[in-house]
Every structure is written in C-alpha cells, then in structure tokens.
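Hi,

Here is the structure I said I'd pass on.

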Amino acid sequence: MQGMMIARAKELLQDGTVNRVLGWQAGEFAYDITPAVFETAEELDAGFVYNAFCGNNLSKYLIKETKKDGKVLVFLKPCDTYSFNQLLTEHRFDREKVYAIGIPCEGKTSGEMLKAKGVSGITGIDEDGDSITVHTVYGDQGFNRSDVLEERCLTCKSKKHVAYDELIGEDGEVLDSHRFDMVAKLEAMTPDERFAFWRSQLSKCIRCNACRNVCPACSCEKCVFDNPESGIAQKAAADSFEENMFQIIRAFHVAGRCTDCGECSRA
Amino acid sequence: MLEVANIREQCSWIHKDKATATEKAIILGRAAIAKVQLNAPLTAGESPVVKRALVIGGGIAGIQTALDIAEAGFDVDIVEKQPTIGGKMAQIDKTFPTLDCAACILTPKMVECSQNEKVHIYAYSEVEEVKGFVGNFTVKIKKKARYVDENKCTGCGDCTTKCPMKNVPNEFNLGLDTRRAVYIPFAQAVPKVATIDPNYCNMLKNGKCGLCAKVCGAGAIDYKQKDQYIEEQYGAIVVATGYNPIKLDKFEEFGYSLSKDVVTSLELERLMNAAGPTGGTLLRPSDGKHPHTIVFVQCVGSRDTSGCGKPYCSKICCMYTAKHAMLIREKYPDTEVYVFYIDVRTPGKNFDEFYRRAVEQYGVHYIKGMVGKVAPRANGKIMVQASDLLMDEQLHIEADLVVLAAAIEPDKSARPLATMLTASMDTNDFFTEAHPKLRPVESPTAGIFLSGVCQGPKDIPETVSQASAAAAKVIGLLVKDKLTTNPCVAHCNELMCNGCSSCERVCPYGAITYSDKEFRMPDRTTQLRRVASVNPAVCQGCGACTVACPSGAMDLNGFSNSQIMAEVDAICQK
Ligand SMILES: Cc1cc2nc3c(=O)[nH]c(=O)nc-3n(C[C@H](O)[C@H](O)[C@H](O)COP(=O)(O)OP(=O)(O)OC[C@H]3O[C@@H](n4cnc5c(N)ncnc54)[C@H](O)[C@@H]3O)c2cc1C
Ligand code: SF4
Ligand code: SF4
Ligand code: SF4
Ligand code: SF4
Ligand code: SF4
C-alpha cells in the first residue's frame with residue numbers, strides 16, 4: 001500500500017495536479033507517527049510512511065494547507081472522510097484546492113497498545129489481513145490484529161469512503177458497529193451511577209488540550225478556551241468540578257459536528 | 001445605561017410565598033446590577049423602504065387590503081394562485097347576517113381592483129421565493145402558463161363553448177358539474193380571460209385538436225406559452241391565503257363518500273346559487289329531485305380532539321347553517337329542516353337575532369345532539385341516526401339531503417409560504433399574530449402582515465375589518481422613507497469567526513451572510529477567510545446564533561455573552 005501511495009503521489013506531483021502531499025512520517029520511534037507535508041519525490045521516498053501506526057486524521061490539516069498556493073494531495077482513511085465532509089459543510093477549507101485519495105484501513109494499532117502487550121524496542125510494523133508483524137530490536141513478533149486494535153477501531157463505523165477524488169484499493173461497506181452499546185449502558189444507569197461514572201471519567205482529564213488540538217471539529221480561529229473574554233479560558237481551576245467543565249463544554253461545542261473519528265481518544 | 005430588574009411580572013405577580021419571593025427579587029436585582037456594569041451604548045441603524053406592497057391571496061381579504069393600500073397612493077400587487085381573484089366569497093350565494101347576495105357586493109370590488117391603476121393582479125401565479133427584510137423584500141413570482149395571452153384575450157368565451165374536452169370536473173362548482181378544458185371560472189372572473197387546463201387539453205397532452213386557436217378571433221391562444229418568472233421589490237407583504245373546508249374522507253360515519261346527496265355546506269352554496277350547476281333551484285345532486293327533508297350537521301371536524309378533525313371552532317358554521325336553513329325554509333316552505341348542533345355560537349352584531357329568527361320565525365328544528373350515523377338507503381333516502389340530548393331520546397330521520405358543516409383549515413400552501421416568509425404559524429397552520437390582543441394583524445416577522453382567515457377562522461365582516469387594519473399598518477410602514485432598525489442585534493467578531501455557517505443555519509430570519517475578507521496575520525502575511533456578517537435590518541435579536549457559534553464570535557448587542565454569564569454568576573452567588 002505504502003508503495004502504491006508513494007508512486008501515485010509522485011505522478012500527481014509530476015503532472016502538476018498538486019504541488020505538495022499531506023501524509024505521515026515517523027518520528028524518533030517507528031510508532032511515533034506525525035502528519036507531514038512532502039514537496040518532492042525525494043522527500044516522499046525518504047520519509048513517507050503508511051502502516052498500521054498511521055492513525056492520524058489528516059483532514060484538519062487541510063484548513064492550513066489550503067490557505068497556501070496550489071493544490072494539496074491528501075490521503076484519507078474511511079473515518080477521515082467523514083471529518084473531511086464535516087469541515088467542508090462548515091466551509092473550513094476550499095475543496096478546489098484539495099486532491100483527496102481514499103485509502104483502505106483495516107484498523108490501527110499504537111505504540112501504547114503494543115507496549116501494553118509487553119513489546120519493546122519497536123523498529124517497524126507490517127500488516128497482512130488479520131495478522132500484524134511487529135519488528136523489534138529483539139526480533140519479530142506476530143499478533144492478531146483484533147488483539148492490538150485501538151479502542152476507536154474496535155467500534156469502527158464504516159470502511160466506506162464518503163468523499164474522495166480517487167481511491168487506491170477497494171472501497172468497503174458501512175459496518176454494523178457497536179458504537180451505541182456504551183450509550184445503552186449509560187442509559188441503563190441510575191442518575192447517581194451515571195454522575196459517578198462521568199466524574200470518574202472526567203477526573204482523568206489534566207486539561208492538556210491535546211484532545212482539542214487534534215479534534216477536526218475543534219478548528220475555531222480562536223478557541224473559547226484560549227479567549228480570556230469567554231470567561232472559561234484556561235486558568236487554575238477553583239475546584240475539581242471546574243476542571244471537569246472543560247470536557248463538558250467541549251462536548252457541547254462539538255455536539256452535532258463530531259464525526260466519531262476518535263482522534264480525541266487517541267490523544 | 002439602563003437595566004430593569006422586573007420584580008413585578010417576573011416575581012411579585014407570579015409568586016405567593018412572600019419570603020422566597022423576596023429572596024428572588026434580591027437575586028433579580030443582583031443579576032441586573034451585574035449586567036448593567038457591562039452595558040455598552042446601543043445605536044440604532046437605518047434602512048430604506050420600497051414603496052410597494054405585495055398581497056398574497058386574492059380573496060375578499062386580499063382584495064380589501066389591496067384596495068385600501070392603493071387608496072393611500074401606494075402601488076400594490078396581488079398574487080392569486082387561481083385563474084381569478086374572489087376566493088371563497090365568490091362561491092357563496094347569500095351572506096349572513098344581512099342576506100345580501102355575495103356576488104353583488106364582491107364583484108364591484110373585484111372590478112375596482114382590475115381598474116385601479118395602483119393595483120396589479122398576478123392571477124394564476126404563485127410566490128416562489130422571498131428574500132430580504134422589512135422595507136426591502138425581493139420576491140420571485142411564478143406566473144403559470146395559461147396558454148392564453150392575457151393581453152389579447154377579450155374574455156368572449158367562444159373557446160370555452162367549442163372545446164371538445166367536456167367532462168372536466170368544475171372546481172368552481174366543487175365538482176358538482178363539468179367544464180371544458182379551456183375555461184373561464186365564472187362570468188364575473190377578474191381578470192376575465194380563458195385558461196387552458198394542461199391536464200385535460202388534448203392539444204397540450206397529445207398534440208391533437210387546436211380547435212380553440214381556430215375559433216379565437218383575438219388570436220389569444222398560445223400552446224407554447226411557458227411559466228414566467230417575475231422579480232419585484234416590496235416594502236411590505238400581506239398574507240391573505242384564506243382557507244378551505246377540510247376533506248371528509250376520515251369521517252366515515254357521515255357517509256360523505258357514500259352518497260352524492262351528502263354534501264358540504266360550501267357545495268350547498270353552489271346548489272343554491274343562481275349561477276351554480278342547478279341554476280339556483282335546490283335539487284338533489286343524485287337524481288335532480290326536490291329534497292323535502294334536509295338534515296344539517298354542525299361542527300363536522302370542528303372542536304374535535306379525537307385527532308380526526310380540528311381542535312378549534314371554525315366559527316362561521318353556526319351562522320351559515322342558520323342562513324342555509326332559513327333560506328331553504330323561505331324558498332321551499334314545504335321542506336322540513338333539522339339542524340344538529342353541540343351548541344350554537346352566535347357572537348357578533350345582529351348574529352343572535354339572526355339565529356333566533358331561524359328558529360322562531362322560520363320553524364327550523366334545532367336539536368342539541370350529535371349525529372351518530374348517516375347511511376344511504378337503496379330507495380334513495382338517507383337514514384340519519386342521532387341523539388337528542390335535551391329530550392334524551394334516539395332519533396331516526398329519513399332525509400333527502402344531508403349537509404355537513406365541514407371545519408375549515410388554512411390553505412395547504414400556507415405552510416411552505418410561511419417558511420419562505422419566516423413568519424410563524426400555530427400547530428393548526430394558522431399564521432400567528434405578533435400579539436394576540438394588541439398586534440393582531442402583524443406577524444412577528446417585521447414587514448409581514450396578516451389579513452383574513454389565514455390568521456384564524458372568521459366571517460366576512462371580520463375579514464374585511466382585519467383586511468383594512470392590515471392595510472393601515474402597511475400604509476404606516478410605506479409612508480416612511482427610512483426605518484430605524486432595532487439596536488439589539490447580533491454582530492460578528494470577524495477575527496474569531498470561522499465562517500462555519502453554524503449561525504446561518506440556526507438564524508430563523510436569514511439575517512446572516514458571508515463574505516471572504518483579507519486578514520493580516522501575526523506573521524505579516526495576509527489570509528483570505530470566509531466570515532459572517534449580520535444584516536442589522538433583518539436581525540430580530542433572538543440570540544440563536546450566539547449560542548450556535550462555537551468560537552463565541554457572534555454576540556448580541558444589549559445581551560452580550562459576557563453579560564449573560566455575569567447574570568448567571570450573580571444568580572448562583574450565595
Ligand atoms: C359554506 C360557507 C358559507 C359562508 N357564508 C358566509 C356568510 O354568509 N357570511 C360571512 O360573513 N362569511 C361566510 N363565510 C366565510 C367567508 O367565506 C370567509 O370569511 C371569507 O371568504 C374569508 O376570505 P379570505 O380572503 O380570508 O379567504 P379566501 O376566500 O379563502 O381567499 C383566499 C384566496 O387566496 C388564494 N390563495 C391561497 N393560497 C395562496 C397562495 N399560496 N398563493 C396565492 N394565492 C393563494 C386562494 O386561491 C383564494 O383566492 C362562509 C364560509 C363557508 C365555508
Ligand atoms: S472547544 Fe469549542 S471553541 Fe474550542 S476549538 Fe473546539 S469547538 Fe472551537
Ligand atoms: S381565448 Fe379567445 S375565444 Fe377564448 S375567451 Fe379569450 S378571446 Fe375568447
Ligand atoms: S386545444 Fe385543448 S383547450 Fe383548445 S379546444 Fe382543443 S382540447 Fe379544448
Ligand atoms: S440574533 Fe437571531 S435573528 Fe439575529 S442574526 Fe442571530 S439568529 Fe439571526
Ligand atoms: S457560528 Fe460563529 S464562527 Fe461560525 S460562521 Fe457564525 S460567527 Fe462565524
């Protein structure tokens with residue numbers, strides 16, 4: 001897949017359809033993937049990766065990228081295409097300045113997931129259908145994909161792309177996910193249980209803003225949490241409940257706009 | 001700076017417990033103090049007024065409103081979806097409480113409309129799109145193809161007698177007789193021009209015939225005519241879309257669809273009208289015989305909370321049923337007339353006297369009770385089974401004709417029209433007034449006025465009063481050269497705006513538009529961004545956008561986000 005993507009990206013750079021490519025590259029560690037922009041064939045060869053670690057949703061980066069001259073090529077997993085469409089309905093970027101290629105996704109894993117399984121010294125990853133091979137300095141280790149999937153991928157709602165200019169690989173189907181099982185559980189709780197549940201969930205938040213920063217719905221020019229005039233900007237919390245308010249306010253802000261891409265849960 | 005803590009309406013009037021009410025009064029005071037500290041000066045803007053009015057619907061309501069506006073010297077257009085203006089009143093025979101003939105008092109007004117230079121009639125036309133705001137509406141009108149050139153047709157009617165397509169149900173007579181494919185609804189139609197019905201004309205359907213074009217001496221027939229679209233500017237819009245009787249197929253017990261001799265009251269109007277299908281002699285639709293026993297049922301589908309009909313009182317049925325009963329007893333004294341009622345409601349000048357005349361002078365049998373079943377018999381009679389609540393007995397009446405006073409409902413096109421106008425409606429699709437007592441002829445949407453039954457059931461006198469009242473309001477608006485706009489409107493902080501359209505989607509008045517603007521970025525580059533702006537003439541200050549805006553870029557003058565937060569803080573403070 002990575003090879004096909006690089007080859008197609010080179011073609012599109014070559015024929016002038018786009019002048020840069022939005023993709024992924026590895027950081028210090030192989031599992032430490034970050035979004036990156038590539039402008040030449042050489043850069044693509046040197047840095048572009050696409051593997052089971054490439055969970056990042058690139059659609060949000062289009063807001064910035066489309067402000068530049070020329071067209072940008074972006075690779076979108078099925079779930080990313082939902083964010084892509086949401087951003088479009090909010091007029092957050094210019095569709096004309098994007099060339100979108102839909103790419104398949106069998107579900108992603110992460111360094112944390114593997115480390116929790118006792119893997120260390122990760123140097124690379126390969127996938128083949130249901131099996132995942134992790135390369136480490138201590139040799140290769142095989143896994144069942146379903147055992148190391150990220151939480152959000154376990155309830156993946158769709159393998160079908162809802163927006164693209166072209167596809168690499170086969171398009172999938174909308175899945176019968178179990179996204180609402182947790183909602184059903186919540187509904188079954190008594191109000192007290194539910195309150196306790198949320199307090200405990202929300203108490204995990206240290207207000208690092210990482211969820212907001214990756215969220216494709218959170219693309220405001222000036223976020224209310226950064227605006228001292230909003231009255232809810234970042235400041236030392238007066239009590240533990242005020243700390244929790246951050247998540248509650250954010251939930252209301254993205255309600256109706258969140259596409260369930262799960263980036264926040266990754267962050 | 002002014003801020004009001006409304007202790008009277010929001011506290012002392014509504015609470016009984018003095019101690020807690022005092023506590024609340026203090027809190028309200030605290031909130032007002034918190035708010036006033038953040039008050040900023042408010043300045044009102046101005047917007048120009050287009051000196052032309054639009055009236056939608058050409059019934060008696062629309063006609064009266066248009067004539068009154070024209071009288072004051074302003075141009076006014078009537079958009080009527082039927083081929084002629086006149087509305088329901090044109091179909092009515094005689095009118096309560098004076099029993100003068102409807103056509104005799106209506107047609108002069110229709111003619112006046114067509115002759116008044118200030119009135120322009122777009123008949124057989126509909127409103128397609130409304131943009132803009134009070135003083136400045138832009139309306140797209142669709143003029144449906146008549147296939148007859150309005151300017152050439154003299155209304156001679158030659159085509160309507162020669163057309164071979166004869167069996168078209170005549171809607172003006174409610175399907176009680178037929179017309180041709182090319183028709184003029186009635187002799188006094190305004191505009192008096194023919195219309196070809198594309199559903200029945202053989203030429204338009206199959207390309208065969210063309211007879212009317214041959215007989216037309218004026219060369220008015222034009223089979224190639226297309227719908228036309230006209231765009232026009234208006235300062236004010238009056239809705240006068242009227243009503244229709246409800247469909248009765250859900251009321252099986254009354255046998256409306258089982259027998260031709262079970263008719264609605266509006267059908268009876270046509271059966272008694274000299275220009276109607278029977279030439280004014282009351283005859284049974286089934287066999288053309290004189291009916292000798294007639295049963296009237298009031299409140300069919302009115303005051304009905306079962307879900308089948310309408311929960312409200314249609315208001316006019318008691319009076320027109322008394323009128324029908326009286327007219328029949330007057331003209332055919334050998335006829336027995338029974339009226340079944342829940343109660344008889346006759347508030348109105350000379351109304352109760354009118355009803356009493358029906359009972360006392362004309363000997364109409366008024367029976368309190370509901371009809372249980374209407375069943376047509378093989379012998380042509382209709383069995384009416386009913387209960388007399390006062391005598392506590394079951395009645396079986398063998399009738400020749402049964403007349404159902406069907407509830408009335410707003411025209412079906414009213415709902416989509418209200419959406420176009422962003423005017424509000426109640427659950428029954430009647431347009432709502434800005435204030436039920438003090439502003440009964442204005443819609444809450446500025447520049448939209450209400451006239452006639454579209455606002456609620458009413459008879460002709462009341463319709464005409466409301467029509468003139470709406471005209472007075474329109475004139476009051478059109479004489480102004482400029483309007484001061486409400487200063488408590490929303491505004492957008494462009495530096496924070498994402499251009500995301502969330503606000504536009506919730507704005508009930510269409511006040512928000514977008515443009516691309518250049519911004520200087522901190523790194524000295526410029527960036528083109530889509531940002532929202534609010535038209536202060538359209539914004540009603542409802543505040544919906546400020547809540548929808550994720551970034552807080554939208555704010556409302558006079559009720560800013562920070563003021564509301566300050567109030568909440570003050571209220572929650574112990
Ligand atoms: C059987 C019967 C008998 C009655 N007898 C009496 C009586 O004796 N005395 C009395 O005072 N009252 C009587 N009334 C009541 C009377 O008919 C009404 O009060 C009166 O007709 C209301 O006039 P209007 O203009 O509001 O509505 P309408 O007469 O319904 O006129 C509305 C007009 O608007 C047009 N229209 C609707 N929608 C649109 C649209 N979207 N675009 C363009 N045009 C549109 C319609 O085609 C119609 O021409 C009677 C009613 C009935 C049913
Ligand atoms: S938290 Fe709200 S204001 Fe901040 S970026 Fe997300 S949506 Fe925008
Ligand atoms: S279309 Fe011609 S024939 Fe028909 S009414 Fe008009 S003028 Fe007469
Ligand atoms: S062309 Fe149509 S409307 Fe004219 S006479 Fe023939 S059928 Fe009638
Ligand atoms: S305050 Fe209400 S009317 Fe005004 S722009 Fe906002 S949503 Fe529209
Ligand atoms: S909702 Fe707020 S951010 Fe979005 S367009 Fe409106 S003003 Fe701008």
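**What turned up**

The largest cavity is the space taken by ligand 6. By cavity I mean a set of points, on a 1 Å grid over the protein atoms alone, where a 1.4 Å probe fits but cannot get out; a molecule sits in one if more than half of its atoms lie within 2 Å of its grid points.

Before the rest, some housekeeping. This is a predicted model, where local features need pLDDT of at least 70 and side-chain atom pairs count only at pLDDT 80 or more, while totals for chains, interfaces and linings use all residues. Residues are numbered from 1 along each chain as its sequence is written, chains are lettered from A and ligands numbered from 1 in the order in which they are written, and side-chain values use heavy atoms, with hydrogens and water left out.

On confidence, the model has ipTM 0.79 and pTM 0.70. Chain B averages a pLDDT (the predictor's confidence in each residue, from 0 to 100) of 95, and 100% of its residues score at least 70.

Back to ligand 6: there are 14 residues around it (a heavy atom within 4 Å), and C497(B), N498(B), C500(B), C503(B) and C549(B) come nearest. That shell has nine nonpolar, five polar and no charged residues. Here Ala, Val, Leu, Ile, Met, Phe, Trp, Tyr, Cys and Pro count as nonpolar, Asp, Glu, Lys and Arg as charged, and the others, Gly among them, as polar.

Ligand 2 lies between chains A and B. Its surroundings include C218(A), C220(A), H253(A) and P550(B), and the shell splits into six nonpolar, one polar and three charged.

As for the interface, 15 residues of chain B and 13 residues of chain A are in contact (heavy atoms within 4.5 Å). M496(B), N498(B) and P550(B) supply 40% of the area that chain B buries against chain A (accessible area lost on being put together, 1.4 Å probe, summed over both parts), more than any other three residues. The total buried between the two chains is about 1200 Å², with 56% from carbon and sulfur atoms.

Key: 1 Å grid on protein atoms, 1.4 Å probe; cavity = no way out; pocket = protein on both sides within 12 Å on 5 of 7 lines; lining within 4 Å.
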